[in-house]
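Subject: Structure handover and its salt bridges

Dear colleague,

I am passing on the structure below, together with some notes on its charged side-chain pairs. Please read the notes with the model open beside them.

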Amino acid sequence: AGHAVDTDAATALIGGARDRLASGGRLRLVANAFLPYDRLLAETFGAERVRVVAEDTRFRVLEGLK
């Protein structure tokens, strides 16, 4: 989308993941560090079930556990 930030696909992926994952399943997501996916994962999985697996100044690997 050029320079515009479009989060629709990732939002749909996160929103549907909880219902599709088996118990104990994990969703891992690599994203630009400035994107607010940690909040969306916390809303979907519960804050206590979300963690940052790795990060640097540009990217974060986030995980939601069902």
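A salt bridge is taken here as a side-chain nitrogen of Lys or Arg within 4 Å of a carboxyl oxygen of Asp or Glu, and by this rule the count comes to 4 salt bridges. The model is predicted, so that local features need pLDDT of at least 70 and side-chain atom pairs count only at pLDDT 80 or more, while totals for chains, interfaces and linings use all residues. Residues are numbered from 1 along each chain as its sequence is written, and side-chain values use heavy atoms, with hydrogens and water left out.

One of the bridges pairs E63 with R26, at 3.0 Å from N to O; E63 lies in strand β3 (residues 59-65) and R26 in strand β1 (residues 26-32), so the pair ties together parts that are 37 residues apart in sequence. Strands (E, at least two residues) and helices (H or I, at least four) are DSSP runs, numbered from the N terminus. E63 also forms a salt bridge with R28, at 2.7 Å from N to O, and because R28 lies in strand β1, this pair joins parts 35 residues apart.

In another bridge, the closest N and O atoms of D38 and R60 are 3.5 Å apart, which links helix α2 (residues 37-45), where D38 sits, to R60 in strand β3, 22 residues apart. Salt bridges that share partners join R26, R28, R51 and E63 into one network.

With buried meaning under 20% relative accessible area, exposed over 50% and partly exposed in between (1.4 Å probe, protein chains only), E63 is buried at 2%, whereas R26 is partly exposed at 49%.

Best regards
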